[in-house]
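Please examine the sequence together with the three-dimensional structure before reading on. The explanation below is meant to be followed with both in view.

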Amino acid sequence: MRAKENMRTAAEVLVDQLIVNGVRHAFCVPGESYLAVLDAFHDRDIEVTVCRHEGGACMMAEAVGKATGRPGICFVTRGPGSTNAAHGLHIAHQDSTPLILFVGQIAREMKGRDAFQELDYRAAFGGIAKWVTEIDDPARVPEIVSRAFYTATGGRPGPVVIAIPEDMLTERITVPNAPAFEPVEAWPGATDMMKLQKMLWAAERPIMLLGGSRWSPAAQAAIGRFAERFVLPVATTFRRGPLFDALHPCYAGDLGIGPNPKLIERIKAADLVLLVGGRLGEIPSQSYSLIGIPGPQMTFVHVHPGSEELGRVYTPHLAIQASPTAFAAAAEGLQPPGAIRWSDGTKAAHADYLAWTEQPTEQPGSVNLGAIMVWLRDNLPEDAIITNGAGNFAAWVHRFFRIRRFGQHIAPISGSMGYGVPAAIGIKRLYPERTVVCIAGDGDFLMNAQEYATAAQYGLPIITVIADNGLYGTIRMHQEREYPGRVSATVLKNPDFVAYARAFGGFGITVEKTEDFPAAFRAAEASGKPAVIQLKIDPDAITPSTTLAKIGAAARAKQKS
Ligand SMILES: Cc1ncc(C[n+]2csc(CCOP(=O)(O)OP(=O)(O)O)c2C)c(N)n1
Ligand SMILES: [Mg+2]
């Protein structure tokens, strides 16, 4: 419905502004509240993925934001569409992912009457999003959309919500597009970098921790070279494994849930911690126990793009406000000390990491998830991407899948269940030629498994490996530790996952023995369909290092003493 006389609808202006800003993908569940945008999509060069639930759609957009460092784009309808999408918004907030959520809104003239599906978005999402706004004037669409890109990516990245009233979208206007946006890189000052060099020269046992968002393959490579020249041990924080090659001789391991105790000791013993890009939140800081709050016990250097994160939890000895990419580039200019005193420690740290991850641990039952992770790490193509949601099953991914490339692992720092399937779909839309494998729990999978319909609709042969233990295992584990033997609301009666996959036109197969996994995986690949591999996991196999039975026995012994 292109206008005559070169006038565009506000919806067309909006979609054109997305295209000007480099957007190629949008994820949505349609609504009558933004029909004019759907119409604008009709004749524009943008890949629209129509989804089955706004939570899934928003997670797909979030995954794209995570992978590219540019805002993922999601469109949903008012009221319930927007509250469904909140799952993805919260992930984008906690994971510092650039995301823009457009919400179809009731007509401007009806506002305040509690009209059909009316919601005050500023009130509803004010605590989750970096910015919530509404466009009342069609002439301001380019300005506000442009600002949303800067806000979502700037400082600490995060989600922006823009409500778009349906009557505003159909107004015709003559307005130019805003110029194309590019994310702002905040560069560290030369003085700060010299201070950092001096601190590193004075250190005896330094360690670098990497986290946060909006890194890039070039930044990953640059920080690798910096680590190498300084022989610095490097750990990646929770679910940020792709920021450093796990087989780099400086890699000291993954600082997340169930980390290598030797890594924890090493960080505690460090006299300088250089935290680049991340916040060192509750999970990587081991419930805020690693580094003193507010005053760190060691020299603490914090590099972060958001001024509001510097000094928020930890008072740094040196705060550098810089984006990870800019810092990584600037770090290439630093000179290592003539004699590096900590080389042996770095070597030992990497050896500890290799030993911790080399062999799968013994597990009850006939399917060993660790052995399957080792098989995947040895057999997946180099550019394959792993996604997952939340649950104990992910502990095996973190421990045994050695992440080597930037963007190779896409998972929620926020610990949101149900993320893996939509993330895999979003990523497969982005990179159709790459192998995308989702590792899911049985509980986790079913939270967004309906998006298999989306995978089937777009012909996306993602492969989900379901660790089916018939439990909300994580909670069952906590329950057994706190209330041994008192099982409550943690047992699951599951559907037939193989039949479920087939019902969507996909491929399904069950694996009951570890040694049958390779053939099952190859069959899933060969099917060319969205596939599900159900692993029959013994419910006692609750973590890579302990069993439910052992946790219960320890809890009972504690109760008696
Ligand atoms: C959206 C959401 N709801 C609830 C939780 C709390 N929670 C964390 S792990 C978990 C159980 C996960 O079960 P499953 O996916 O089967 O994995 P398992 O722990 O059994 O390996 C629950 C309910 C959460 N993290 N996210
Ligand atoms: Mg489970």
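The paragraphs that follow treat the sheets, the cores and a metal site in turn.

The model is predicted, so local features are reported only at pLDDT of at least 70 and side-chain atom pairs only at pLDDT 80 or more, while totals for chains, interfaces and linings use all residues. Residues are numbered from 1 along each chain as its sequence is written, chains are lettered from A and ligands numbered from 1 in the order in which they are written, and side-chain values use heavy atoms, with hydrogens and water left out.

An open sheet of six strands, ordered β3-β2-β4-β5-β7-β6, has parallel pairing. Strands here are DSSP runs of E with at least two residues, helices are runs of H or I with at least four residues, and both are numbered from the N terminus. Two strands count as paired if DSSP finds at least two bridges between them. At the edges of the sheet are β3 (47–50) and β6 (131–134), each of which pairs on one side only. From one strand to the next, the twist averages 20°. Within this sheet, β2 (residues 25–28) and β4 (residues 72–76) run parallel and are paired over two bridges; Phe27 has Cys74 in β4 as its bridge partner. Helix α3 packs on the sheet and touches β2, β3, β4 and β5 (99–105), and its direction makes about 165° with that of β4. Such angles run from 0 to 180 degrees between N-to-C directions, with axes fitted as lines to C-alpha atoms, for helices over the stretch in contact. Another helix, α15 (residues 420–430), lies across β2 and β3 and runs at about 150° to β2.

The discussion now turns to the nonpolar cores. A nonpolar core is a set of buried Ala, Val, Leu, Ile, Met, Phe, Trp, Tyr and Cys residues joined through side-chain atoms within 4.5 Å. Buried means under 20% relative accessible area, exposed over 50% and partly exposed in between, with a 1.4 Å probe and protein chains only. The largest core has 51 residues, and Leu101, Phe125, Val161, Ile410 and Phe445 have the most contacts inside it. Helix α3 (residues 54–68) gives the most to this core, namely eight residues. Beyond its neighbours within four places in sequence, Val161 is in contact (heavy atoms within 4.5 Å) with residues including Leu89, Leu101, Val103, Phe125 and Trp131. Another core, of 35 residues, lies apart from it, and among its members are Leu14, Phe41, Ile46 and Ile73.

All five of the five residues of β9 are buried. Pro206, Met208 and Leu210 point one way from β9, whereas Ile207 and Leu209 point the other way. In a regular strand the side chains alternate between the two faces of the sheet. In β10 (residues 234–237), Val234 and Thr236 point one way and Ala235 and Thr237 the other, and all are buried. Strand β9 (residues 206–210) pairs with β10 in the parallel sense over three bridges; Leu209 stands opposite Ala235, and Leu210 opposite Thr236. Together with helix α9 (residues 217–230), β9 and β10 make a right-handed β-α-β unit; right-handed means that, with the strands pointing away from the viewer, the path from the first strand over the helix to the second runs clockwise. Strand β10 is also joined by four bridges to β11 (residues 251–255), in parallel, with Tyr251 as the bridge partner of Val234. Strand β9 is joined by five bridges to β12 (residues 272–276), again in parallel, and Pro206 is partnered there by Leu272.

Four bridges pair β15 (residues 385–388) with β17 (residues 436–441) in the parallel sense, and Asn388 has Ile439 as its bridge partner in β17.

Which residues coordinate the magnesium ion (ligand 2)? They are Asp442 (OD), Asn469 (OD1) and Leu471 (O), at 2.0 to 2.2 Å. Asp442 lies in helix α16 (residues 442–448) and Leu471 in the loop between β18 (463–468) and α18 (473–482), so the pair ties together parts that are 29 residues apart in sequence. Donors are N, O and S atoms within 2.8 Å of the metal (3.2 Å for Na, K and Ca), and the site may look incomplete because water is not among the atoms. Both Asp442 and Leu471 are buried.
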